[in-house]
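Please keep the picture in view while reading.

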Amino acid sequence: MKLYNGGSILTGLVIFLGLVTFPLWFNAGSKAYSQPEVKLPAKEKECIESKEFMRKEHMQLLNEWRDWALREGKRTFVNSKGKEYTISLQNTCMKCHDNKAEFCDKCHNDQAVSPYCWDCHIQPEGLKK
Amino acid sequence: MNESRRHFLKFAGLTAAGLVAASAGGVLASSGGGGAPAKANKETLHATQWGMVIDTRKLSTDEAIAPLAAACHALHNVPNIPSKQNIKWLWSSSMEEAFPDFPNKYQSPEVEHRRVMLLCNHCEQPPCVRVCPTQATYKRADGIVTMDYHRCIGCRYCMAACPFGARSFNFGEPREYLDLTKLNKEYPTRMRGVVEKCTFCVERLEVGKQPACAEASGGAIAFGDLSDPESPARKALRENYTIRRKPSLGTEPSVYYII
């Protein structure tokens, strides 16, 4: 069997494989991924729901909080254990998590997500020009 | 294998029915609004239609109205932009601008030259709500017309629809015009590209407080439930002659003015 234009095809294949596997060999020497270390509140040990729930579902929870508070006028949240909290990002969440840069941003930057919460809501650190 | 076509179709049908039932059940379970783990605050003031009665005899000058606007704007982080692009939730105007349907000649000069405090009328039939393409503006069960800024796309249909000019658009970043050291950190700001307006202080009503302007007015503003004959607003309406802005448009404003 004869391979027509074998030289170009093989060269092309080598270049193609090189490009496709670029992320693998480019990062081969670098450190393994480590989870970002978020700064947890010093005073409060318990969040409104379990750590696992908050990690996975906080965005859905915040969406529901927004609709309950704004549209339905329900500003008291009852968690799975029956404990009550005021529905408010600025006045409940951020009263314990009082450092956006050390808490929210750590994971969001790591995951390259940029939620637009702080375009309007005021972070506990305050705003600077 | 002895699979007949009849056998196969039976199983296929059953599987499809099962999948439909399961997904329908899932949708019902996840949308269950009744089981939402949220409820109104204990202190929340309830009403069927909140309303406001403003005494123009007492609030008749810019000097009288300015402190109310200042209280409102400080509380809600409303910027003061020195141009036509200013944001206002509460402001003052002339009688003529406020009540163009009130064209009597040779009026009492005292009445004719009063300044009038204006704000969103929280209409019973709000045209802004009808035109909003994203339902960012909506009417709540207690009659307050308010906004979810998260949803506002800045199309400004509501501003075109509102016959009272109660809405302002953020042409620029409002934070550039706010004193960032004096923000009310309990309340958000807005961002560029959204419309905003008075909310009848819904966040205060839900902690059992009166709207900021009514509280700062020293009795010149009566606030209450228009459907409750015993409310302060209804009492003020019973005892005084009142008018509303542009009643001929049929939007049924909930803000009344004692003349």
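The questions and answers below concern this predicted model.

Colleague: In which order do the 4 strands of the open sheet in chain B lie?

Modeller: The sheet is open and its pairing is mixed. Its edge strands are β9 (221-225) and β10 (242-243) of chain B, each of which pairs on one side only.

Colleague: Which residue in β11(B) is the bridge partner of I54(B)?

Modeller: Strand β2 of chain B covers residues 50-55, and β11 of chain B covers residues 255-258. The two strands run parallel and are joined by 4 bridges. In β11(B), the partner of I54(B) is Y257(B).

Colleague: At about what angle to β9(B) does helix α9 of chain B run?

Modeller: Helix α9 of chain B consists of residues 232-239. This helix lies across β2, β9, β10 and β11 of chain B. Relative to β9(B), its direction is at about 120°.

Colleague: With which residues is L119(B) in contact, leaving aside its neighbours within four places in sequence?

Modeller: The largest nonpolar core has 54 residues. L119(B) is one of the members that touch the most others, a group that also includes M52(B), V53(B) and I54(B). In soluble globular proteins, nonpolar side chains tend to be buried together. Beyond its sequence neighbours, L119(B) is in contact with W89(B), L90(B), A166(B), C198(B) and V255(B).

Colleague: How many residues of chain B are in contact with chain A?

Modeller: On the side of chain A that touches chain B, α3 (51-70), β1 (76-78), α4 (89-96) and α6 (117-120) each supply at least two residues. By class, this side has 8 nonpolar, 6 polar and 7 charged residues. The contact joins 21 residues of chain A to residues of chain B that number 24.

Colleague: Which residue in β1(B) does T76(A) stand opposite?

Modeller: β1(A) is joined by 2 bridges to strand β1 of chain B, residues 38-39. These strands run antiparallel. Opposite T76(A) stands K39(B).

Colleague: Against which strands do the buried residues of α3(A) pack?

Modeller: Helix α3(A) bends by about 75° at E57(A). Its buried residues are W65(A), W68(A), A69(A) and L70(A). Of these, W68(A) and L70(A) are named among the members of another core, of 7 residues, which lies apart from the largest one. The buried residues of α3(A) pack against β1 of chain A together with β1 of chain B.

Terms used
Residues are numbered from 1 along each chain as its sequence is written. Chains are lettered from A and ligands numbered from 1 in the order in which they are written. This is a predicted model: local features need pLDDT of at least 70, side-chain atom pairs count only at pLDDT 80 or more; totals for chains, interfaces and linings use all residues. Two strands pair if DSSP finds at least two bridges between them. Two residues are in contact if their C-beta atoms, placed from the backbone, lie within 7 Å. Axes are lines fitted to C-alpha atoms, for helices over the stretch in contact, and angles run from 0 to 180 degrees between N-to-C directions. Ala, Val, Leu, Ile, Met, Phe, Trp, Tyr, Cys and Pro count as nonpolar, Asp, Glu, Lys and Arg as charged, and the others, Gly among them, as polar. A nonpolar core is a set of buried Ala, Val, Leu, Ile, Met, Phe, Trp, Tyr and Cys residues joined through C-beta atoms within 7 Å. A residue is buried if 20 or more other C-beta atoms lie within 10 Å of its own, exposed if 12 or fewer, and partly exposed in between; C-beta atoms are placed from the backbone. The bend at a residue is the angle between axes fitted to the seven residues ending there and the seven starting there.
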